[in-house]
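Let's take a walk through this structure together. Have a look at the sequence and the 3D view below before reading on.

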Amino acid sequence: MTYSSAVAYLYRLQRHGIKLGLETMTALMVRLGTPQTRYRTLHIAGTNGKGSTAAMAAAVLQAAGYRVGLCTSPHLVEFRERIRVNGVMLAESQVTQLTEQLQTLCEPDLSPTFFEYTTAMAFQHFADSGVDVAVLEVGLGGRFDATNVVMPMACAVTTISLDHQEYLGTTLSSIAFEKAGIIKPGVPVVLGRLEDDAWRTIEQVARERQARCFVSMRIFAQRERGPSNFPIAVWVCNMTD
């Protein structure tokens with residue numbers, strides 16, 4: 001398999017469209033040996049701003065000396081932009097190798113979507129590369145997004161507006177509920193500027209999961225440093241083993 005044929009194969013997976021649910025992704029992770037559990041993760045959802053937030057968090061962590069994986073979508077010019085380690089894109093040879101590896105593992109009964117496949121590639125590449133932490137941008141929604149098979153050390157919801165209503169619902173509250181699906185029990189979440197309906201929904205989910213909420217605009221106004229009042233992107237620079 002060449003790089004061009006690997007990318008062509010990946011793009012053909014788009015015929016599967018969007019499938020909500022984590023069953024295929026969970027099964028694929030098991031077949032890979034759960035690579036997403038071998039490093040820490042930050043998980044970022046939102047209608048707008050999640051890509052730039054992910055990029056900034058990755059840059060802060062890398063500047064602090066960590067080896068950082070970054071998974072974002074969509075790409076602007078070429079496929080390899082989606083998966084980076086310390087700013088370096090996935091090599092063409094690695095795309096080919098990972099495509100072949102996943103092809104074999106999916107046979108005969110798994111039919112992942114394009115996004116599920118590429119997310120699995122990212123998780124495996126980050127494990128192979130020995131990253132300390134991976135910053136993951138949600139693709140669609142959150143609750144049923146392919147990235148939502150991780151147990152992050154922190155997550156964020158940037159903004160919420162009406163998007164992908166055919167999948168996420170027609171109100172800010174319903175969309176907020178889907179994006180709040182990345183919140184895990186006891187895992188802190190940073191919130192961006194949200195409308196009241198979205199805020200109430202996410203706050204309720206966080207309360208039910210005993211996840212502490214941090215409001216970004218208030219955090220940046222704080223002067224005292226520490227995990228209770230410092231931006232998540234900077235707080236994680238103080239990670240200890």
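This is a predicted model: local features need pLDDT of at least 70, side-chain atom pairs count only at pLDDT 80 or more; totals for chains, interfaces and linings use all residues.

What follows is a short tour of some cavities, a strand, a few cysteines and a helix.

Rolling a probe the size of a water molecule over the atoms shows where empty space is left. Here, that turns up two cavities of 30 Å³ or more. The largest cavity comes in at about 50 Å³.

So what surrounds the largest cavity? Its lining is made up of Cys71, Thr72, Ser73, Arg82, Ile83, Phe115, Thr118 and Thr119. Helix α5, which runs over residues 114-129, gives the most to this lining, with three residues.

## A strand with two partners

Next, find strand β1, at residues 40-45. Five of its six residues are buried, so β1 is largely enclosed by the rest of the structure.

Strand β1 pairs with two strands that you can pick out. With strand β5 (residues 133-137), β1 pairs in the parallel sense over five bridges; Thr41 has Ala134 in β5 as its bridge partner. With strand β6 (residues 154-157), the pairing with β1 is parallel too, over four bridges. In that pairing, His43 stands opposite Cys155 of β6.

## Cysteines without a bond

A disulfide is a covalent bond between the sulfur atoms of two cysteines. How many disulfides does the structure hold? The count is zero. Cys155 is therefore in none, and the nearest cysteine sulfur, that of Cys213, sits 8.6 Å away.

## One side of a helix

Last stop: helix α7, at residues 172-179. Its buried residues include Ile175, Ala176, Glu178 and Lys179. Where do they lie around the axis of α7? They cover an arc of only 160°, which puts them on the same side of the helix. As background, an α-helix has 3.6 residues a turn, so residues three or four places apart point the same way.

Notes: Residues are numbered from 1 along each chain as its sequence is written. Side-chain values use heavy atoms; hydrogens and water are left out. On a 1 Å grid over the protein atoms alone, a cavity is a set of points where a 1.4 Å probe fits but cannot get out, and a pocket is an open set with protein on both sides within 12 Å along at least five of seven lines; lining residues have an atom within 4 Å of a point. Grid points are joined across faces, edges and corners, and a volume is the space filled by probe spheres set on the points. Buried means under 20% relative accessible area, exposed over 50%, partly exposed in between (1.4 Å probe, protein chains only). Two strands pair if DSSP finds at least two bridges between them. A disulfide is a pair of cysteine sulfur atoms within 2.5 Å. The arc is that of the directions from the helix axis to the C-beta atoms.
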